[in-house]
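This briefing is meant for a reader who is meeting the structure for the first time. Please keep the sequence and the 3D view at hand while going through the points below.

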Amino acid sequence: MTIDEVQKTLNRSRASVYRYTNTDTRNLNPPFNPRKLNTEFRSDQKDQLLFHPNEVARFAKDILRIKEVTVEILNSPSSETQNILNAILDELRTIRNKLEGQSDKNHSIPNHLQDPDKKAA
């Protein structure tokens, strides 16, 4: 979830969401803090702050004392990355099917290899 989505879910201002957030300018991924709203793992300081819906629900119940919390997760439209990953998955499935078809053929041993008493030339 983005900051905007968290703001709407918690019914708080953007500034208060930032105040609640477990961030540290010296540490990209600070350790879990049960009294704060913990972000998802980031690989760069410039990455957008994202929050797991379960973390937002935990924070709302445990810290803000909101009794009923409903976090709705909507599927985002397919991105170019998702389309590429689906194409790769389809290609891997095709390769697997072809390899499984070849392994069935490899199980039949030619007659000249089955007789262990035959001498090699």
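How many residues apart in helix α4 are Arg96 and Glu100? The two are four residues apart, and because both lie in helix α4, about one helical turn separates them. This is a predicted model, in which local features need pLDDT of at least 70 and side-chain atom pairs count only at pLDDT 80 or more, while totals for chains, interfaces and linings use all residues. Residues are numbered from 1 along each chain as its sequence is written, and side-chain values use heavy atoms, with hydrogens and water left out.

**Overall layout**

- The chain contains five helices and two strands, which are DSSP runs numbered from the N terminus (H or I over at least four residues for helices, E over at least two for strands).
- Along the sequence, these elements follow the pattern α-α-β-β-α-α-α.
- Of the 121 residues in the chain, 19% are buried, where buried means under 20% relative accessible area, exposed over 50%, and partly exposed in between (1.4 Å probe, protein chains only).
- Among contacts (heavy atoms within 4.5 Å) with a separation of 6 or more, 35% are between residues 24 or more positions apart.

**Salt bridges**

- Side chains of opposite charge can pair when their charged atoms come close.
- There are five salt bridges in the count, each being a side-chain nitrogen of Lys or Arg within 4 Å of a carboxyl oxygen of Asp or Glu.
- One of them joins Arg96 and Glu100, at 3.1 Å from N to O; Arg96 is exposed, with a relative accessible area of 55%, whereas Glu100 is partly exposed at 39%.
- Another joins Asp90 and Arg93 at 4.0 Å, N to O, and these residues are three apart in helix α4 (residues 80-106), or about one helical turn; Asp90 is partly exposed at 45% relative accessibility, as is Arg93 at 49%.
- Arg26 also forms a salt bridge, with Asp24 as its partner and 3.3 Å between the closest N and O atoms; Arg26 is exposed at 76% relative accessibility, while Asp24 is partly exposed at 23%.

**Nonpolar core**

- The largest nonpolar core has twelve residues, including Met1, Leu49, Phe51 and Leu64; such a core is a set of buried Ala, Val, Leu, Ile, Met, Phe, Trp, Tyr and Cys residues joined through side-chain atoms within 4.5 Å.
- Val17 is one of the core residues, and, apart from residues up to four places away in sequence, Val17 touches Ile3, Val6, Gln7, Arg12 and Leu37.

**Aromatic pair**

- The structure holds one aromatic pair, a term for rings of Phe, Tyr and Trp (its six-membered ring) whose centres lie within 6.5 Å, with planes under 30 degrees apart counted as stacked, over 60 as edge-to-face and the rest as tilted.
- The rings are those of Tyr20 and Phe59, and the pair is tilted because the planes stand at 50 degrees, with the centres 5.2 Å apart.
- This pair links distant parts of the chain, since Tyr20 in helix α2 (residues 14-20) and Phe59 in helix α3 are 39 residues apart.
- Tyr20 is partly exposed, with a relative accessible area of 21%, whereas Phe59 is buried at 1%.

**A buried loop residue**

- Thr39 lies in the loop between β2 (37-38) and α3, and counts as buried at 19% relative accessibility.
- Beyond its neighbours within four places in sequence, Thr39 is in contact with Thr21, Asn22, Thr23, Leu49, Leu50 and Phe51.
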